[in-house]
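These are my notebook entries on a single model. I record here what I looked up, entry by entry.

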Amino acid sequence: MPETVALDPVDLRILRLLQNDARTTYRDLAAQVGVAPSTCLDRVARLRRSGVILGHELRLDPTKLGRGLEALLSVQLRPHRRELVGPFVERIRALPESRALFHLAGPDDYLVHVAVADTADLQRLVLDEFTSRREVARVETRLIFQQWSCGPLLPPARDGSAAP
């Protein structure tokens, strides 16, 4: 299991603020958490070095890119063997329609979040890129009507309550 990084209340406030707006300047961030800008810069650099902050992502509107239909594809591989997993994951990650890929425990082996133009494009994707593969035993499709982002990811509080 990966090592947990010790975070104090200032680190937690920095992480919460950056998750809400990763473009916040160090000066503004420092003012909001009550430390000097140089201290804030040092803390963010330490959070990056320790692997707590993995990067910054740009979110795009799939509809404005011609991919207005999103779906979750539950996929079962048969047989589910290591030599099939690597090539399957590489292929699915390389598809321009793939948004996220999860390896699961349970009846399904993978959950794939895809964005396509329309139902015909979704059908093409499922038939040409999933069910045509020998190792894919089953694909189940669920359309996404709406999606919301949730609050910032913070470690659990030590007393069992929500983190600050």
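**Entry 1. The sheet**

I began with the pair S1 and S3, which run antiparallel and are joined by 7 bridges; strands (E, at least two residues) and helices (H or I, at least four) are DSSP runs, numbered from the N terminus. Within this pair, I found tyrosine 110 of S3 as the bridge partner of valine 75. The model is a predicted one, in which local features need pLDDT of at least 70 and side-chain atom pairs count only at pLDDT 80 or more, whereas totals for chains, interfaces and linings use all residues. Residues are numbered from 1 along each chain as its sequence is written, and side-chain values use heavy atoms, with hydrogens and water left out.

I then looked up S2 and S3, another antiparallel pair, joined by 5 bridges. I noted serine 98 opposite valine 114 in S3, alanine 100 with histidine 113 in S3 as its bridge partner, and leucine 101 with valine 112 of S3. The hairpin of S2 and S3 has 6 residues between the strands, and glycine 106 takes a positive phi there, near 120 degrees.

Which strand order does the sheet have? I read S2-S3-S1-S4, an open sheet of 4 strands with antiparallel pairing; two strands count as paired if DSSP finds at least two bridges between them. Strand S2 (98-103) and S4 each have a single partner strand and stand at the edges, so one side of each lacks a neighbour in the sheet. From one strand to the next the twist averages 20 degrees. As background, strands of a sheet pair through backbone hydrogen bonds, either parallel or antiparallel.

Why is S3 described as largely enclosed by the rest of the structure? The reason is that 6 of its 7 residues are buried; buried means under 20% relative accessible area, exposed over 50%, and partly exposed in between, with a 1.4 Å probe and protein chains only.

**Entry 2. Helices on the sheet**

I checked H4, which lies across S1, S2, S3 and S4 and runs at about 160 degrees to S2. H5 also packs on the sheet, where it touches S1, S3 and S4, and its direction makes about 160 degrees with that of S4. Such angles run from 0 to 180 degrees between N-to-C directions, and axes are lines fitted to C-alpha atoms, for helices over the stretch in contact.

In the loop between S1 and H4 I located proline 79. A cis peptide bond joins arginine 78 to proline 79, with omega about -5 degrees.

In helix H4 I also looked up arginine 91. Its relative accessible area is 32%, which means that arginine 91 is partly exposed. Leaving aside neighbours within four places in sequence, arginine 91 is in contact with Glu129 and Arg133, where contact means heavy atoms within 4.5 Å. Arginine 91 and glutamate 129 lie 38 residues apart in sequence and 8.6 Å apart in space, C-alpha to C-alpha.

**Entry 3. Nonpolar cores**

How many residues does the largest nonpolar core have? I read 19, with Leu73, Val75, Phe88, Leu122 and Phe130 having the most contacts inside it. A nonpolar core is a set of buried Ala, Val, Leu, Ile, Met, Phe, Trp, Tyr and Cys residues joined through side-chain atoms within 4.5 Å. At least two residues of this core come from each of strand S1 (69-77), helix H4 (82-94), strand S3 (110-116), helix H5 (119-131) and strand S4 (136-144). S1 supplies the largest share, 5 residues.

I noted a second, separate core of 13 residues, with Ile14, Val33, Leu47 and Leu154 among them.

For phenylalanine 130, with residues up to four places away in sequence not counted, I listed touches to Leu73, Val75, Phe88, Ile92, Leu95, Val112, Leu125, Val136 and Val139.

I found helix H2 (residues 26-33) packed on helix H3 (residues 37-49) at an angle of about 100 degrees, with their axes 8 Å apart. H2 is therefore roughly perpendicular to H3; 65 to 115 degrees counts as such, under 35 as roughly parallel, over 145 as roughly antiparallel and the rest as oblique. From H2, Tyr26, Arg27, Leu29 and Ala30 meet Pro37, Cys40, Leu41, Val44 and Arg48 of H3. These contact residues divide into 7 nonpolar, no polar and 2 charged; Ala, Val, Leu, Ile, Met, Phe, Trp, Tyr, Cys and Pro count as nonpolar, Asp, Glu, Lys and Arg as charged, and the others, Gly among them, as polar.

Lastly, I looked up helix H1 (residues 9-20), whose axis comes within 11 Å of that of H3 and crosses it at roughly 80 degrees. Val10, Asp11, Ile14, Leu15 and Leu18 of H1 make the contact with Cys40, Arg43, Val44, Arg46 and Leu47 of H3. For H1 with H3, I recorded 7 nonpolar, no polar and 3 charged residues in the contact.
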